Amino acid sequence: MRICVLGAGTMGHGIAQVSAMAGHDVAMRDIDEDVLADGLDAIADNLQGGVDRDKVTPDEKEATLDRIATTTDLDAAAADADLVVEAVPESMDLKQSTFEDVEAVVDDDAIVASNTSSLSVTEIASVLDDPSRAVGLHFFNPVHIMGLVEVVVPEQASERTVRFATDFAEDLDKEAVVVRDSAGFATSRLGVTLGVEAMRMVEEGVASPRDIDTAMELGYNHPMGPIELGDVVGLDVRLDILEHLREELGERFKPPQSLRRKVRAGKLGKKTGEGFYVWEDGEIVGVSEDAAAVGQGDRDDEEGPIWE
């Protein structure tokens, strides 16, 4: 099967990698040559990590890379695709215009999917002449490790489209969960609810970011705590999702002020080197000073926060 992935950023190159590892021919398209090069390098690094851990053979690595072509030309990437997955930034206008551009290029029976984590797939698909071909395929970061794909069913989707999407997810050795298109779907709605409450707990001095994360990791067997996860996903992404859910579902999704301040300051998490944590080379090396200061609550002793 021929897969076209639009966007070579974190999610895009991850979707391209797992599709190629499953034996599909992949065209990864981005408007920026440098982003394409970085995405391909990231795929190679991920595969080499698998080789180093004896989870991927050297031959599998090379075969996967051979199945991935990169281009800035939408027509070349999508024209013969059986499935197009957009992984462009979370903007309704951008996603709708991307769907329109794709439909003008692909065959009549091609499926068009969005990797959106919170926007309405029904609304995105409404610009298509044939919206029955549209579906949500919400992957999780890092795509080559996480075992879930959320298949989001818009109002217009045909049974064929939904079946195609679930079969594709399972072909990638992912577990598919099918959810109706609603604000935040299942995962984003629950995930940001936990994350936003954790941020409020830091603001109130209930516990440090590290202790909150450790509590959820060891107490509830979460692979990553909610504060760290927010940094990994991107605090700007978290804020956008919360604003969308607040508009759709009410004030219980009102973003915390600490989150707004960090986004305004450009402290977006792992990708910028600082969020609620300080990051170096992809690893946590400390807690952000302003997160620690907020988390002190009413403590004014000279020893500083109890978690330092």
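User: Is the crossing in which H11 passes H12 left-handed or right-handed?
Analyst: H11 passes H12 in a left-handed crossing; the term applies if the near helix is turned anticlockwise from the far one by less than a right angle, and clockwise gives right-handed. The model is predicted, so local features need pLDDT of at least 70 and side-chain atom pairs pLDDT 80 or more, while totals for chains, interfaces and linings use all residues. Residues are numbered from 1 along each chain as its sequence is written, and side-chain values use heavy atoms, without hydrogens and water.

User: Why is H11 called oblique to H12?
Analyst: Helix H11 (residues 235-249) and helix H12 (residues 257-264) pack at about 130 degrees, with axes 9 Å apart. Under 35 degrees is roughly parallel, over 145 roughly antiparallel, 65 to 115 roughly perpendicular and the rest oblique, which makes H11 oblique to H12. The axes are lines fitted to C-alpha atoms over the stretch in contact, and angles run from 0 to 180 degrees between N-to-C directions. Helices are DSSP runs of H or I with at least four residues, strands runs of E with at least two, numbered from the N terminus.

User: What makes the contact of H11 with H12, and how do its residues divide?
Analyst: With contact meaning heavy atoms within 4.5 Å, H11 supplies Leu235, Asp236, Arg238, Leu239, Leu242, Glu243 and Arg246, and H12 supplies Leu259, Arg260, Lys262 and Val263. They divide into five nonpolar, no polar and six charged. Here Ala, Val, Leu, Ile, Met, Phe, Trp, Tyr, Cys and Pro count as nonpolar, Asp, Glu, Lys and Arg as charged, and the others, Gly among them, as polar.

User: Why are H2 and H3 described as roughly antiparallel?
Analyst: The axes of H2 (residues 33-52) and H3 (residues 58-66) come within 9 Å and cross at roughly 165 degrees, and H2 and H3 are therefore roughly antiparallel. Their crossing is right-handed. Ile43, Ala44, Leu47, Gln48 and Val51 of H2 meet Pro58, Lys61, Thr64 and Leu65 of H3. This contact has six nonpolar, two polar and one charged residue.

User: What makes H8 and H9 oblique?
Analyst: H8 (residues 187-203) and H9 (residues 209-219) pack at about 140 degrees, their axes 9 Å apart, and are therefore oblique. H8 passes H9 in a right-handed crossing. On H8, Leu194, Ala198, Met201 and Val202 meet Pro209, Ile212 and Met216 of H9. Seven are nonpolar, none polar and none charged.

User: How do you know where the charged end of Lys262 sits?
Analyst: The charged end of Lys262 sits over the ring of Phe276, 5.2 Å from its centre; the rule asks for NZ of Lys or CZ of Arg within 6 Å of the ring centre and within 35 degrees of the ring normal.

User: Is the peptide bond from Asn141 to Pro142 cis or trans?
Analyst: That bond, from Asn141 to Pro142, is cis, with omega near 0 degrees. Pro142 is in the loop between strand E6 (134-139) and strand E7 (148-153).
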